[in-house]
Amino acid sequence: DATSMDLHLYGVANGATGPRIVVAATAEPEGAADLDVFGDGSVIVVWEAPSGDGSGFAVLGRRFLSDGTAASDAFVVTSETSGDQRDPVVAVLGSDEFVVTYRNAQAKVAQRRLTKAGKPAGGKLEHLANQWTAGEQSQLAAAGQPDGNRAMLVWSGPVAGLDGLEVRARVLDKNGKPTGAEFGVNKTTADSQSAPAIAARPITR
């Protein structure tokens, strides 16, 4: 039987603004998904699919206009397709582009910047977001910053000299490039810290 991944758009005051939107309909269930919103109200959705790039799990994306109309077909986000690419998260950048971060086949945090049309921006290759690459990095989250020029990534992974897992973070500029080194978020380092989440608030003056 076919399964589908669906999207509903809601207004703040009046609930659902339209019918159910089918993002993807496949014979196998889709996996982890995330979305973000462009300044014009269009929505970029990314998700992991059990097929799509010819080798294991793939990261796919699709954009919808503010009224729910599909602005594109589903497209493969990554250029690396060998093995599994999983757990994608997305953040819209001020350059009217977006950056997708995911866990690659080596269980490292990789990211790729794309245009609103789903085309590679700033080169076709992925970049590792994490500097410490020993062990498995997982539980990703991302948020575009209010200035529109940066995004912050957080994840959970091992670090030399510490027991268990630590929550790590790194800031990307509007071109999807790191602005500095990754850093630890948690002050408590005993045992494991995991399941990070992130949100950005508007700048007030």
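Contact here means heavy atoms within 4.5 Å. The structure is a predicted model, in which local features need pLDDT of at least 70, side-chain atom pairs count only at pLDDT 80 or more, and totals for chains, interfaces and linings use all residues. Residues are numbered from 1 along each chain as its sequence is written, and side-chain values use heavy atoms, with hydrogens and water left out.

**Surroundings of E30**

Leaving aside neighbours within four places in sequence, E30 is in contact with M5, A24, W47, E48, A49 and P50. E30 lies in the loop between strand 4 (21-26) and strand 5 (33-37); strands (E, at least two residues) are DSSP runs, numbered from the N terminus. E30 is buried, where buried means under 20% relative accessible area, exposed over 50%, and partly exposed in between (1.4 Å probe, protein chains only). The side chain of E30 does make a polar contact with the side chain of W47, at 2.8 Å. A polar contact is a pair of N or O atoms within 3.5 Å; within protein, one must be able to donate a hydrogen and the other to accept it, and residues adjacent in sequence count only if both atoms are side-chain atoms.

An open sheet is formed by 4 strands in the order 13-14-15-16, with antiparallel pairing. Strand 13 (138-144) and strand 16 (183-184) are the edge strands, each with a single partner strand, so one side of each has no neighbour in the sheet. Two strands pair if DSSP finds at least two bridges between them.

| Strand pair | Sense | Bridges |
|---|---|---|
| Strand 13 and strand 14 | antiparallel | 5 bridges |
| Strand 14 and strand 15 | antiparallel | 8 bridges |

A142 stands opposite L153 in strand 14, and M152 has V171 in strand 15 as its bridge partner.

**D173 in strand 15**

D173 belongs to strand 15 (residues 166-173). This residue counts as partly exposed because its relative accessibility is 22%. Not counting residues up to four places away in sequence, D173 touches L93, N149, R150 and T179. D173 and S95 are 78 residues apart in sequence, and their C-alpha atoms are 9.8 Å apart in space.

Key. Lys, Arg positive; Asp, Glu negative; His and termini not counted. Salt bridge = Lys/Arg side-chain N within 4 Å of Asp/Glu carboxyl O.
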